Amino acid sequence: MEEPSMLRSTGDRVVIVGGGIAGALLAKTLQNHADVVLIDPKDYFEIPWANLRAKVDQFSVERAVIPHSDYLTHAWIVAASAVGVDDSVVLTSIGRAVAYDFLVIATGRTCIHPAKRSERLEMFTQDKERIERAKTVMIVGGGPIGVELAAEIVITYPDKRVTIVHGGPRLLTSVMSPKASAKALEWLRYKKVTVLLDQTVDVSAAPPDAKEFTTSAGETVAADCHFLCTGRPLASAWLRETFLAEHVNAEGQLCVDEHLRVGGRKNVFAVGDVTDVPEAKQGHLAQRQAMVVSRNLKLLVKGAVKEEKLHRYKPGAKSGMTVMLGRYDALSELPFMSLLGSLPGAVKPRDLFISRTRRMMGLKSKPYNNMPRLNM
């Protein structure tokens with residue numbers, strides 16, 4: 001189909017800024033109901049909770065990094081970043097202006113991934129080769145990403161010596177209770193992972209070929225390769241000079257109402273990590289937000305809708321966090337207890353919901369390979 005003028009809105013144009021797990025799902029579900037434009041600097045989206053497995057399992061990579069063109073058959077894709085916005089037009093990094101009737105901000109966190117899928121796949125291949133060659137691996141950051149990556153490495157490569165350097169007094173500080181953190185520490189130490197708490201390390205100060213690093217406490221960590229697993233800032237700085245600036249809080253989050261509208265505006269929504277919704281910033285909750293906004297936009301593009309007809313988003317429970325520890329074990333925090341082992345590990349399928357996510361996007365679900373169980 002012929003591309004329309006992006007400078008003129010069509011009455012039902014929905015512009016989605018950000019092609020992560022929330023923005024991608026929203027574009028997919030709306031493309032047959034509205035004139036959808038996805039603005040994203042990448043030509044793909046990746047399933048975020050699977051990218052750690054992808055560093056050690058090449059089969060997961062191909063299934064978890066998905067071209068936008070595979071699932072967006074009736075939508076427009078603008079390969080750029082948004083750099084500005086007013087009450088009717090989004091300005092992109094390639095100088096293109098895109099008019100909108102409805103706007104959704106789904107920019108998540110700052111992204112340093114390459115624009116091309118082929119380059120992203122190559123990054124995973126290089127990470128896997130780095131781990132395979134290394135005898136020692138350092139992981140900087142003991143949050144969910146750092147803990148899960150350490151687990152993936154020691155389960156896949158039991159001979160590797162892995163060290164986690166974490167600046168906090170305990171692992172998983174912001175997402176789990178002290179008791180659950182202690183269980184994670186016990187599991188990692190049982191797998192011979194060295195955990196250094198209340199210490200930091202500045203890898204940027206070391207030469208590119210460094211094999212040893214000194215922590216803030218003066219300890220030396222041997223590392224043939226290392227991975228930074230610390231938090232990334234929200235991708236909302238570009239909004240601070242726009243008409244939405246007053247709705248960006250001190251943490252960089254967009255303030256949304258119960259319908260996920262920004263500042264109560266009738267035609268501007270936000271989903272995912274960039275919102276101030278008081279819940280854990282997890283992929284499955286971002287998907288839930290996307291589905292609520294999708295249902296609301298399907299109503300709004302048809303015409304005037306009474307406020308009471310719009311769907312409301314109920315924040316996810318603060319408890320219920322699960323951290324995967326390799327292919328079979330997991331640590332789950334429940335309202336009154338925490339569980340560690342194969343039982344919570346069975347809650348998530350072996351392919352980390354990759355197949356289910358692909359089905360949600362209307363894609364064929366390639367079967368996960370029947371890998372032999374590794375010694376644990």
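Asp 257, Arg 261, Lys 266 and Glu 307 are linked in a network of salt bridges, a salt bridge being a side-chain nitrogen of Lys or Arg within 4 Å of a carboxyl oxygen of Asp or Glu. The model is predicted, so local features need pLDDT of at least 70 and side-chain atom pairs count only at pLDDT 80 or more, while totals for chains, interfaces and linings use all residues. Residues are numbered from 1 along each chain as its sequence is written, and side-chain values use heavy atoms, with hydrogens and water left out.

A search of the whole structure finds 13 salt bridges. One of them joins the side chains of Arg 13 and Asp 35, at 3.0 Å from N to O. Arg 13 belongs to strand β1 and Asp 35 to strand β2, so this pair ties together parts that are 22 residues apart in sequence. Helices (H or I, at least four residues) and strands (E, at least two) are DSSP runs, numbered from the N terminus. Arg 13 counts as buried at 0% relative accessibility, and Asp 35 counts as buried at 13%. Buried here means under 20% relative accessible area, exposed means over 50%, and partly exposed lies in between (1.4 Å probe, protein chains only).

A salt bridge is also formed between Lys 42 and Asp 40, whose closest N and O atoms are 3.2 Å apart. Lys 42 is buried, with a relative accessible area of 11%, and Asp 40 is buried at 3% relative accessibility. In another salt bridge, the side chains of Arg 53 and Glu 152 meet at 2.8 Å, N to O. Arg 53 lies in the loop between β3 (44–46) and α2 (58–64), and Glu 152 in helix α5 (residues 144–156), so the pair ties together parts that are 99 residues apart in sequence. Both Arg 53 and Glu 152 are buried.

Strand β2 (residues 35–40) is largely enclosed by the rest of the structure, because 6 of its 6 residues are buried. In a regular strand the side chains alternate between the two faces of the sheet. Both faces of β2 are covered: Asp 35, Val 37 and Ile 39 are buried on one side, and Val 36, Leu 38 and Asp 40 are buried on the other. Strand β1 (residues 13–17) pairs with β2 in the parallel sense over 5 bridges, where pairing requires that DSSP find at least two bridges between two strands. Within this pair, Val 15 stands opposite Val 37 in β2. Strand β5 (residues 76–79) runs parallel to β2 and is joined to it by 4 bridges, with Leu 38 opposite Ile 77 in β5. A right-handed β-α-β unit is made by β1, helix α1 (residues 21–30) and β2; right-handed means that, with the strands pointing away from the viewer, the path from the first strand over the helix to the second runs clockwise.

Leu 334, Phe 336 and Met 337 make a nonpolar surface patch of about 370 Å². Accessible areas come from the Shrake-Rupley method with a 1.4 Å probe, and for residues only the protein chains shown count as cover. Patches are made of residues with over 30% relative accessible area and no salt bridge, like charges being joined within 9 Å and nonpolar side chains (Val, Leu, Ile, Met, Phe, Trp, Tyr) within 5 Å. Met 337 is found in the loop between β18 (329–333) and β19 (338–341), and is partly exposed, with a relative accessible area of 44%.

The structure holds 0 disulfides, a disulfide being a pair of cysteine sulfur atoms within 2.5 Å. For Cys 111, the nearest cysteine sulfur is that of Cys 229, 15 Å away. Cys 111 is partly exposed, with a relative accessible area of 42%.
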